[in-house]
Amino acid sequence: MSFSIETITLLAPAFVAGAFISLAHVPLGQEVLKRGIIFLDLAVAQFAALGMIAFQVLLNIDEYSYLGMYGPLASGLIAALTCAFTFHALEKHAGRYQEALIGCAFVLAASLSILLMANNPHGGEEMKNILAGQILWADWSDIKIAAPVFIFVFAIWHIFKDKREFLFYPLFALAIPFAVKMIGIYLVFASLIFPALAVVKLIDHKVLWGIVVSLFGYSLGLATSYIFDWPSGPAIVLSMALCSFLFPQAFNIVFRINKATCCSGA
Amino acid sequence: MRKLLFLIAGLGVLLASPSSAFARMNVFACSPEWGALTKEIGGDLVDIKSATNAKQDVHHLRAKPSLLAAMRKADLVFCTGASLEIGWLPILIKKAGGPNVQPETIGWLMASDYVEKLDVMTEHVDRSMGHIHPEGNPHVHLDPRNISVLADIVTERLILIDSTNATTYQNNLKAFQAKWKTLIRKWEVNAQTLRGQKVVVYHNAWAYLLKWLGMGVIASLEPKPGIPPTVSHLETVLVRVQGKNVTAILVAPFENEKAAEWLSGKSGIPVVHMPFTVGGNEKSKDLPALFEETILLLKGSS
């Protein structure tokens, strides 16, 4: 396949979705890493998915009505918020068992989702969609709904720096359902954790560099997915890993060169 | 990082190269049988992209860039319809389809709109009944008489889209219909012995074939359409087939054969791996070969 303007327009919504998701998820991912609750995002993402599935399965509403389109998202949001607030409340009591509880919550939510889907003819496929995502199906109309949410999360996180202790869980629960719906659980996890790990050794501008890594990940992933015609979600996860691995080395090289030229006289 | 830069530079070069332009018509087929039929009529004048191959279930599809690209340049979208592709076609059309292939336009051809459908639901339908298509059974392609109807329809569409080659399309259609008529007659004679025989199916995807050949279905391995076989359901199927002289368990290439093998082991009824569509096995290279193979396999098991 060759690249053309057509290609760009095909892949553009997916990339823009990735860019907005990076905006909100890179700073949140760094906080997740700092707090050492890595599985929280998997748990919250799975709860969001469970909320969406429960709405669709239990209420059986026409997918193409307004309620059918936005109801699952609302239900996923409620489930994610419930999950996040529960763990926020538990944080003080559970102590070092917090991570274990989060892991259990993830497994429970995942199993419940499977049980709910057992009688759905598209069950297996929808489960896969929720995990691996269908980022290529992301549409400008989806982005129009989700982008303000990600900008809001990013803005609040940076404006109210002193309230982060309290803000972290609700913002997290707000961002994740929108992201899961568009790109799937695996890619949400990747967008949170890989860029955060890539910049863990940096001192300044961690968020900025994290977003750079994430954008590289999305671009390279979409390009390889196009060239080899792979499903885009998994391809981006792999390229995100690659970019996060390469970033510290590249940064080191550049940093050392700078030091050699600029500061050799000092 | 350097490698990355090289890659980016490489991508830049690729971007700069102009996309290849064909004067040929681009046809997006959801499944191989519609691609094969269009090829019979369009010959070298059409470029066919089939969204699925014979080993994939057209109910489900992963979003891949090639699908978007193929839909973007499609002049004709030829699918089954009747909700068969509802999980992905509407979103793909909305996202990548040009104005000439939107629903209800010349470039939008749904095979099931043009043939009489079986199992049409007149009563209330909901999700609890499994993967029911309220518009009727969508697997219309395995009745060769439906293929004949659609050959006319697709020719009509090809001519409407590309009138300069109208004569070629008409000639190809004439040749195809003459050949097809003889073949149907031959198959019907050949399949005389199959009349009245009963089979077990995995999914109700064989209704049109079996009705054409005068055969019957005694049970489906799926408890409800689209729901994978369960132990308790398989046990009721086993009871139902005993002493009924069932000749085969039909399985399509994309269906899980484990349940069929379990039933075969308990009942002695052979599992028959049917091609289901063009490319479904090595010999089923085109539509005539597909039906040839299908009848051969059915007769082999009886």
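Let me begin with chain B, whose domain assignment, taken from an automatic or database source, gives domain 1 (2-184) and domain 2 (192-301). Please keep in mind that this is a predicted model, in which local features need pLDDT of at least 70, side-chain atom pairs count only at pLDDT 80 or more, and totals for chains, interfaces and linings use all residues. Residues are numbered from 1 along each chain as its sequence is written, chains are lettered from A in the order in which they are written, and side-chain values use heavy atoms, with hydrogens and water left out.

How do these two domains meet? In chain B, 33 residues of domain 1 are in contact with 25 residues of domain 2, where contact means heavy atoms within 4.5 Å. The area buried between them is about 2500 Å², of which carbon and sulfur atoms give 68%; buried area here is the accessible area (1.4 Å probe) that two parts lose on being put together, summed over both. Of the area that domain 1 of chain B buries against domain 2, Ala54(B), Leu118(B) and Leu142(B) supply 26%, more than any other three residues.

Between these domains of chain B the count is 0 salt bridges, a salt bridge being a side-chain nitrogen of Lys or Arg within 4 Å of a carboxyl oxygen of Asp or Glu. Over all chains, by contrast, the count comes to 10 salt bridges.

One of the salt bridges is in chain A, where Glu31(A) pairs with Lys34(A), the closest N and O atoms being 3.5 Å apart. Both residues lie in helix 1 (residues 5-35) of chain A, 3 residues apart, about one turn of the helix; helices are DSSP runs (H or I, at least four residues), numbered from the N terminus.

Staying with chain A, helix 3 (residues 66-94) and helix 4 (residues 98-117) pack at an angle of about 140°, with their axes 9 Å apart. Those axes are lines fitted to C-alpha atoms over the stretch in contact, and angles run from 0 to 180 degrees between N-to-C directions. Phe87(A), Leu90(A), Glu91(A) and Ala94(A) of helix 3 make the contact with Gln98(A), Leu101(A), Ile102(A) and Ala105(A) of helix 4.

Methods:
Helices (H or I, at least four residues) and strands (E, at least two) are DSSP runs, numbered from the N terminus.
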